[in-house]
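Here are my notes on this model, point by point. Please keep the structure open while reading.

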Amino acid sequence: MQKCVAVLGGGISGLSACYYLSKTSNVSKVVLLEATGRFGGWINTTRREDGAVFEHGPRGVRPAGAVGRNTLNMLSDLGLEREILPVPHDHVASKNRFLYVNGELHKLPSSISGVVKTVPPFSRPIILSVMKEVLVRKGKQEDESVHSFVSRRLGSELADIAMDCLCRGVFAGDSRKLSVRSCFPPLHRAEQDWGSVLLGMLFGGEKAGTGGTSALAQRAKAESWAQWSLTDGMQTLPDALQEALRGRERVEIHHSAPVRSLSYTAGGWEIKQEDGATLKADHVISALPASVLASLLPPAARSLSHQLCEINSVSVGVVNLEYEGSVLPVTGFGHLIPSSEDRGLLGIVYDSVLFPQHNRRGEPTTRMTVMMGGAWFEETLGGPDEVKVEVLLDRAVQAVRSHLNITSSPVWSKAAVLKNCIPQYHLGHWKRLEAMRRYISDHALPLTLTGASFDGVSVNDVIFSGRTAAEGLVGKI
Ligand code: FAD
């Protein structure tokens, strides 16, 4: 039996690791240490008194797949069923997604008829690229950039526009640097197992999941949800986890408790905190960003620190805007902008279409979020520590004006730089992970790496990684 487990970092992955550990009696104590004054990490919601809700981090979670079901099972366990705001596949926000190319908005095809004819910005029907894909030979590389993979299999136009945009929308990253194997494992697996993305998607099926399926997960399937949020915003999830953990025996959770250094002897870990306090633990689950963990590890683990430092993160400028009235010229999820159009502007989410329940009470309003920077932050906006929020706000309002022809001024706004908020799984990420985990096992270090830096950045992925970390210690939960 493990005695004391320290979980470092109170983002959603650290909270989840604690939550799963708290369900077993195989540990005598679990202590969570979070640096800031609140739990949730990048999950961060502003709730205004007039009922308006603004997300500064994640805003929608997909219910699909084993990891999607796992999160819904957790929500159900936490009693959050009534808080769910589902967005089904036939919702306008699921059907209408736009790209901003050559100074115009283009709706992405969302039906068969859309893929069999030529739909701008593409110069030929998408179905032609997809059919030809089946004949493309399997690549020989162990890993490849997303751009190179899609170029090779589906043609340069889909790589330059569609995949470039998707990588900017999900990772705020550069498709020419991101690894297909680590960022889009189903694409990589489909080619490996079936020799084709199309065949893999059609016949590959889903990997077996863990745990049962709650009534909530069954409802998501029956009602064909594309994504969901929560009535008072995503922050409700870490809040509920925190509340559940506070009531559990053997669990201590502390915010405003930054970790300053870690040292390890045969007797276990010594975790020094900023205020001078020391915690002793038999095992550490790190739910910290990779570079933060690297800075805390002892000099003896230098080679592990070096590998951790190779996992970079990018910063994103996030600007929430609220306009009086219904001012959008189109309805849908939002639009993404390829790097060839504007390197610094990543995309605009039409939040009030996606979750109108988050609009303020009373007269109609339009809420949007403009995302900028990412892998192009320094080049287009300057250093994340230096850029002024007024510059971000101005850039965002200009983008809304020129892309959507909205000439009025926002009645409310909030702009912020989210520094190093999205880890980048560059080419060879899987090899770095293998090397780090091999180091940990070869040196018998009681350390588990979890969270967004390693095995997936989505909310579902990091919750699942928290679960995997806990199960790695105590067995199936
Ligand atoms: P973090 O949230 O980074 O948590 C790490 C925690 O460690 C933080 O709380 C930090 O304060 C703490 N910490 C740091 N240093 C120390 C220290 N020395 N001691 C103690 N604690 C420390 N995902 C989706 O699924 N859907 C979306 O729509 C979506 N949109 C996103 C939009 C944005 C703008 C961003 C940034 C991310 C988005 N994501 C989305 C991704 C997802 O939100 C994140 O990957 C996820 O929240 C990361 O959780 P985490 O717990 O792994 O890391």
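1. Which residue in E17 is the bridge partner of Tyr-323? The partner is Thr-366. Strands E14 (residues 313-324) and E17 (residues 365-374) run antiparallel and share ten bridges. Two strands count as paired if DSSP finds at least two bridges between them. Strands (E, at least two residues) and helices (H or I, at least four) are DSSP runs, numbered from the N terminus.

2. A word on the basis. This is a predicted model: local features need pLDDT of at least 70, side-chain atom pairs count only at pLDDT 80 or more, and totals for chains, interfaces and linings use all residues. Residues are numbered from 1 along each chain as its sequence is written.

3. The sheet is open, with seven strands in the order E7-E6-E15-E16-E17-E14-E18 and mixed pairing. Strand E7 (104-107) and strand E18 (412-423) are at the edges; each has a single partner strand, so one side of each lacks a neighbour in the sheet. From one strand to the next, the twist averages 25°.

4. E6 and E7 are antiparallel and joined by four bridges. Phe-98 has Lys-107 in E7 as its bridge partner. The two strands form a hairpin with two residues between them, and Asn-102 in the turn has a positive phi of about 50°.

5. Helix H7 (residues 156-171) packs on the sheet. H7 touches strand E6 (97-101), strand E15 (334-336), strand E16 (345-349), E17 and E18. Contact here means C-beta atoms, placed from the backbone, within 7 Å. The direction of H7 makes about 75° with that of E16. Axes are lines fitted to C-alpha atoms, for helices over the stretch in contact; angles run from 0 to 180 degrees between N-to-C directions.

6. H7 also packs against helix H6 (residues 146-154), at an angle of about 145° and with the axes 8 Å apart. From H6 come Val-146, His-147, Val-150, Ser-151 and Leu-154; they meet Ser-156, Leu-158, Ala-159, Met-163, Asp-164 and Cys-167 in H7. The contact residues divide into seven nonpolar, three polar and one charged. Ala, Val, Leu, Ile, Met, Phe, Trp, Tyr, Cys and Pro count as nonpolar, Asp, Glu, Lys and Arg as charged, and the others, Gly among them, as polar.

7. Last, the ligand. Around it are 36 residues, of which Gly-9, Gly-11, Gly-41, Pro-58 and Gly-451 come nearest. A residue is near if its C-beta atom, placed from the backbone, lies within 6 Å. Helix H1 (12-21), E14, E18 and helix H19 (459-474) each give two or more residues to this shell. The shell divides into 23 nonpolar, eleven polar and two charged residues.

Key
Two residues are in contact if their C-beta atoms, placed from the backbone, lie within 7 Å.
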